[in-house]
Amino acid sequence: MPDETREPNPALPAGSPDPTKPSAPESAKASGVTKADATNKPAEPVKAAAAPATGDKPAAAAAKPAAPAAKPAPKPEGPKPEPWDSELVRKLKGQYGSGIREASTYVGQKYLVVDSSIVHEILLRMRDDELFDYCVDITAVHYPKRELQFDVVYILYSFHKNERVRIKTQIREGETLRSAFAIWPTANWLEREVYDMFGISFSEHPDLKRILLPDGWKGHPLRKDYPILQQDREWVQINLGIESGQ
């Protein structure tokens with residue numbers, strides 16, 4: 001057997017590695033000893049690679065399309081008129097029949113719709129018999145597509161009863177109503193405003209003329225057929241000396 005003891009190479013300086021001797025890693029490889037063997041730790045077994053998916057199982061389902069947006073909830077219905085039944089209504093219907101066209105309440109507000117031929121008599125009765133001694137307001141609403149284009153509304157109040165009632169009537173374009181000035185003097189200026197803004201005339205009125213606009217103004221601004229930007233250009237030019245008031 002060859003002698004495994006080797007003498008140091010005299011040609012190498014002290015402390016230099018001898019190229020004739022294998023290094024420690026190479027020696028370990030040559031002998032089949034691993035690092036795990038050197039540290040006395042068992043080597044972890046190598047896990048087998050996962051088997052590829054076979055065609056036996058179905059592929060994952062495709063993503064579902066987003067559900068359509070939910071429809072907004074419908075708006076709740078607003079309040080509606082309800083029939084008004086009272087001793088007053090029964091008495092008036094008993095006397096005037098179909099002349100009392102409607103008796104209703106709307107959000108607690110009582111109103112009667114009466115024929116224009118009896119409205120003055122109804123107003124007089126409301127003051128004398130039902131003690132509605134104060135005419136709060138007189139106004140109107142224009143519905144140009146209706147045959148009876150105007151609603152004229154009398155708002156009455158009873159100090160004795162602490163109660164409020166509206167009396168409505170409907171008239172055509174150009175129809176005249178009898179003034180309520182003789183029943184409530186406060187109707188003077190109220191009817192003048194209705195005349196000024198809507199062009200509705202009241203017979204037996206003591207001084208029916210415009211109250212908000214100049215006497216020479218043309219048109220009635222609260223009618224639906226009066227454009228919002230309309231003005232009496234002729235009046236503006238003559239009285240103000242300018243082309244437009246807008």
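Trainee: To start with, which residue in β6 is the bridge partner of Tyr111?

Mentor: That's Arg166. Before we go on, keep in mind that this is a predicted model, where local features need pLDDT of at least 70 and side-chain atom pairs count only at pLDDT 80 or more, while totals for chains, interfaces and linings use all residues. Residues are numbered from 1 along each chain as its sequence is written, and side-chain values use heavy atoms, with hydrogens and water left out.

Now, the names: helices (H or I, at least four residues) and strands (E, at least two) are DSSP runs, numbered from the N terminus. Two strands pair if DSSP finds at least two bridges between them. Strand β3 (residues 109-114) and strand β6 (residues 163-171) run parallel, joined by 4 bridges. On to the next neighbour: β6 is joined to strand β5 (residues 150-158) by 9 bridges, and these two run antiparallel. Val152, for instance, has Thr169 in β6 as its bridge partner. The hairpin of β5 and β6 has 4 residues between the strands, and Asn162 there takes a positive phi near 55 degrees.

Step back and you'll find an open sheet of 6 strands, in the order β1-β2-β3-β6-β5-β4, with mixed pairing. At the edges are β1 (82-83) and β4 (134-142), each pairing on one side only. β2 and β3 pair in the antiparallel sense over 6 bridges, and Ala103 stands opposite Leu112 in β3. Helix α4 packs on the sheet, touching β2, β3, β5 and β6 (contact means heavy atoms within 4.5 Å). The direction of α4 makes about 170 degrees with that of β6; axes here are lines fitted to C-alpha atoms, for helices over the stretch in contact, and angles run from 0 to 180 degrees between N-to-C directions.

Finally, look at helix α3 (residues 87-96), whose buried residues are Leu88, Val89, Leu92 and Tyr96. They're on the same side of α3 because they cover an arc of only 95 degrees around the axis, taking directions from the helix axis to the C-beta atoms. Buried means under 20% relative accessible area, exposed over 50%, and partly exposed in between (1.4 Å probe, protein chains only). The buried residues of α3 pack against β2 (100-106), β3 and α4 (119-128), whereas Glu87 and Gly94 are exposed on the other side of α3.
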